Amino acid sequence: MKTKRFGTALFLVMIILLVSACGAKEYKPEAINEEVDKCVICNMAVKDDPYATQIITTDGQSLKFDDIGCMNEWKVKNGQETVGAEFVRDHNSGDWIKYERAYYAYDAAYVTPMAYGVIAFEDKSSAQAYIDEQGMGQLLSSEELANHKWEVNRDMMDMEAMEMHNESMHSDGSELEMDMGHGTEGENS
């Protein structure tokens, strides 16, 4: 009699577990399309690189970010209620990993797209190896990252803006035209 009750109870527990597992929604990251994907926060192009992150909302919408700092800014502004899953990319492999399972290396001097200096890794040893290789940085879990003081390295942003400005001058021949203009001034006067 006891065995029959135990068997029935075990069967009911298995049914409940099976039904609850079927109801769990699975969120998957979308591939990055560099042609059209823009960061939801800064509107910069999202590159298909290790710095890309994304949030999949509970209604299935994919929000893509060019830097983990931008993803954090979105969460601060919008809350966590509509977040189904968060994904970051392993710096070494570029594979998508869940935000809460990753480990992070942080230093203000680390170069990231929007100068937040946070880089994701699939495991703790890889993050620590990166810190050791750089000779600087701090190891953070996702829980510690939630309490991180998110700041943009303004000096790095200024340098990047200057580099982008210089690259655009060189890429379209403007600098050559400017030099040519200076050399021909007054010749026709």
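Mentor: Phe 65 is in contact (heavy atoms within 4.5 Å) with a set of residues beyond its neighbours within four places in sequence, including Cys 39, Val 40, Ile 41, Tyr 51, Ile 55, Cys 70, Met 71 and Trp 74. This is a predicted model, in which local features need pLDDT of at least 70, side-chain atom pairs count only at pLDDT 80 or more, and totals for chains, interfaces and linings use all residues. Residues are numbered from 1 along each chain as its sequence is written, and side-chain values use heavy atoms, with hydrogens and water left out.

Phe 65 also belongs to the largest nonpolar core, which has 25 residues; Phe 65, Ile 68, Val 88, Tyr 104 and Leu 145 have the most contacts inside it. Such a core is a set of buried Ala, Val, Leu, Ile, Met, Phe, Trp, Tyr and Cys residues joined through side-chain atoms within 4.5 Å, where buried means under 20% relative accessible area (1.4 Å probe, protein chains only). At least two residues of this core come from each of strand S2 (62–65), helix H2 (68–78), strand S3 (83–89), strand S5 (103–106) and strand S6 (118–121). Helices (H or I, at least four residues) and strands (E, at least two) are DSSP runs, numbered from the N terminus. H2 gives the largest share, four residues. Another core, of seven residues, lies apart from it and includes Ala 105, Ile 119, Tyr 130 and Ile 131.

Across the protein chain, 34% of the 189 residues count as buried, and the chain holds six helices and seven strands.

How values were computed:
Buried means under 20% relative accessible area, exposed over 50%, partly exposed in between (1.4 Å probe, protein chains only).
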